Amino acid sequence: MRIPLAALLVFIALTAHAEPSRVAAARKARTPAVAALFKSAGVAWPPEQMYLRAFKHEKELEVWAGPKSGPLVKVKTYPFCYASGELGPKRRQGDLQVPEGFYTIDLFNPYSDYHLSMRVSYPNAADRFHSGRGVDPGGAIMVHGNCVSIGCIAIQDEPIEELYLMVLDTHAKTKRNVPIHLFPRRLDAGGLKALEQGRPATDPLVAFWRSLQPAYAHFEESRRVPVTSIEKKTGTYVVKPAR
């Protein structure tokens, strides 16, 4: 049977852009819930801007979204179901640490061994600086399903389907990587004091955590994602208010 050329071209176009089966299944199952979350938050779906921030001590990952230049609104908080390591940044391959710092989601893996996964852009220049010359800082840090972790943030499979669609569709709309900031804990005055308790003021970890605190504070005050950069000579984070 001959297939009309026009129909064949449509078929090729559709199949060329067909989603992987896990993503297609997630979209069918979770799109109504995602749309409802954004409607309840009063934010257009997909949004013009999205921001993720995670807190290791509290074991929570927050999704914030909103207009391109305005304040963001919290859409949902997802609990970790597992995360390895302890408080403090990741510094080398095999240390089991979940990183701490300022990153983006820079890759989507719909064929992951852990259901669906999204890569955190670790290591950045600060991580490489502090890991030291000749030390492998590790990599392949993901936010994924299937509650196991070797330096990754794991959430349950149904929630990861929601989160994956949120980030994937925002990236498709904006053509920008979604920022994700990983904090040891909420860095209000009480949280910072708890981190510093029992540590000398000269402890490098104290200085590191203090360098993250302005980003937390700026967002708490404005609900806008701060601008972050890295001082090349010291590997220190520099944080400025959103433009």
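Visitor: In which sense do S2 and S3 pair?

Guide: A heads-up: this is a predicted model, where local features need pLDDT of at least 70, side-chain atom pairs count only at pLDDT 80 or more, and totals for chains, interfaces and linings use all residues. Residues are numbered from 1 along each chain as its sequence is written, and side-chain values use heavy atoms, leaving out hydrogens and water. Helices (H or I, at least four residues) and strands (E, at least two) are DSSP runs numbered from the N terminus, and two strands pair if DSSP finds at least two bridges between them. S2 and S3 have six bridges, and the sense is antiparallel.

Visitor: Which residue in S3 is the bridge partner of glutamate 60?

Guide: S2 runs over 60–66 and S3 over 73–79, and a hairpin of six residues joins S2 to S3. Glutamate 60 bridges to S3 at proline 79.

Visitor: Is glycine 66 buried or exposed?

Guide: Glycine 66 lies in S2 and touches Val43, Pro47, Glu48, Gln49 and Leu72, not counting residues up to four places away in sequence; contact here means heavy atoms within 4.5 Å. Buried means under 20% relative accessible area, exposed over 50% and partly exposed in between, with a 1.4 Å probe and protein chains only. Glycine 66 has a value of 4%, so it counts as buried.

Visitor: Where does H2 bend?

Guide: H2 covers residues 21–41 and reaches 29 Å from its first C-alpha to its last, close to the 30 Å expected at 1.5 Å a residue; that expectation is 1.5 Å times one less than the number of residues. A bend is the angle between axes fitted to the seven residues ending at a residue and the seven starting there. H2 bends by about 55 degrees, with proline 32 following within four residues, and the site is arginine 30.

Visitor: Which residue's side chain makes a polar contact with that of lysine 56?

Guide: Lysine 56 sits in the loop between S1 and S2, and it is buried at 10% relative accessible area. A polar contact is a pair of N or O atoms within 3.5 Å; within protein, one must be able to donate a hydrogen and the other to accept it, and residues adjacent in sequence count only if both atoms are side-chain atoms. At 2.9 Å, the partner of lysine 56 is glutamate 100.
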